Amino acid sequence: TQLIEHLRRHFHVEQVFLRSIDYPDLEQHTREHALQLAELVDMSRRFAGSDAAVLEGAELRALKDWFFNHVIAEDRRFAAYYREIVCGA
């Protein structure tokens, strides 16, 4: 799906950036990306094989929870690391 392809590109760009700043938790962050992509691919396959028109219930909540947790927790960690090495903050 388009969402999965967009996330693949986004994750790749993010990982290149993290490598360029020697982010110490790059390996864990990369594993998190791989796990989420695998879960999204699985969800997409299940959705394609169903009669549902939209994601609902537990799958939609899981997707929202992952997104907010990843952005708020994980991405904020590398943002703080970046500010520290660039700004000395």
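Q: What volume does the largest cavity have?
A: The largest cavity has a volume of about 30 Å³. Before we go on, this is a predicted model, where local features need pLDDT of at least 70, side-chain atom pairs count only at pLDDT 80 or more, and totals for chains, interfaces and linings use all residues. Residues are numbered from 1 along each chain as its sequence is written, and side-chain values use heavy atoms, with hydrogens and water left out.

Q: Thanks! And what counts as a cavity?
A: On a 1 Å grid over the protein atoms alone, a cavity is a set of points where a 1.4 Å probe fits but cannot get out, while a pocket is an open set with protein on both sides within 12 Å along at least five of seven lines. Lining residues have an atom within 4 Å of a point.

Q: Which residues line the largest cavity, then?
A: Tyr23, Asp25, Gln28, His29, Glu74 and Arg77 do. They divide into one nonpolar, two polar and three charged (Ala, Val, Leu, Ile, Met, Phe, Trp, Tyr, Cys and Pro count as nonpolar, Asp, Glu, Lys and Arg as charged, and the others, Gly among them, as polar).

Q: Switching to the largest pocket: how much space lies in it?
A: About 180 Å³. Its lining includes Leu3, Phe11, Trp66 and Asp75.

Q: Which helix gives the most to that pocket lining?
A: Helix 3, with seven residues. Helices here are DSSP runs (H or I, at least four residues), numbered from the N terminus.

Q: How are helix 1 and helix 2 packed?
A: Their axes are 11 Å apart and the angle is about 175 degrees, which makes helix 1 roughly antiparallel to helix 2 (the term is for angles over 145 degrees). Axes are lines fitted to C-alpha atoms over the stretch in contact, and angles run from 0 to 180 degrees between N-to-C directions.

Q: Which residues make the contact?
A: Among them are Ile4, Leu7 and Phe11 of helix 1, and His33, Leu37 and Leu40 of helix 2; contact means heavy atoms within 4.5 Å.

Q: Last topic: how many aromatic pairs are there?
A: Five, where rings of Phe, Tyr and Trp (its six-membered ring) pair if their centres lie within 6.5 Å. In one of them, the ring centres of Phe11 and Trp66 are 6.1 Å apart with planes at 75 degrees, so the pair is edge-to-face (planes over 60 degrees apart).

Q: How many residues apart are those two?
A: Phe11 in helix 1 and Trp66 in helix 3 are 55 residues apart, so to speak a link between distant parts of the chain.

Key:
Points joined across faces, edges and corners; volume = space filled by probe spheres on them. Parallel < 35°, antiparallel > 145°, perpendicular 65-115°, else oblique. Phe/Tyr/Trp six-rings, centres within 6.5 Å; stacked < 30°, edge-to-face > 60°.
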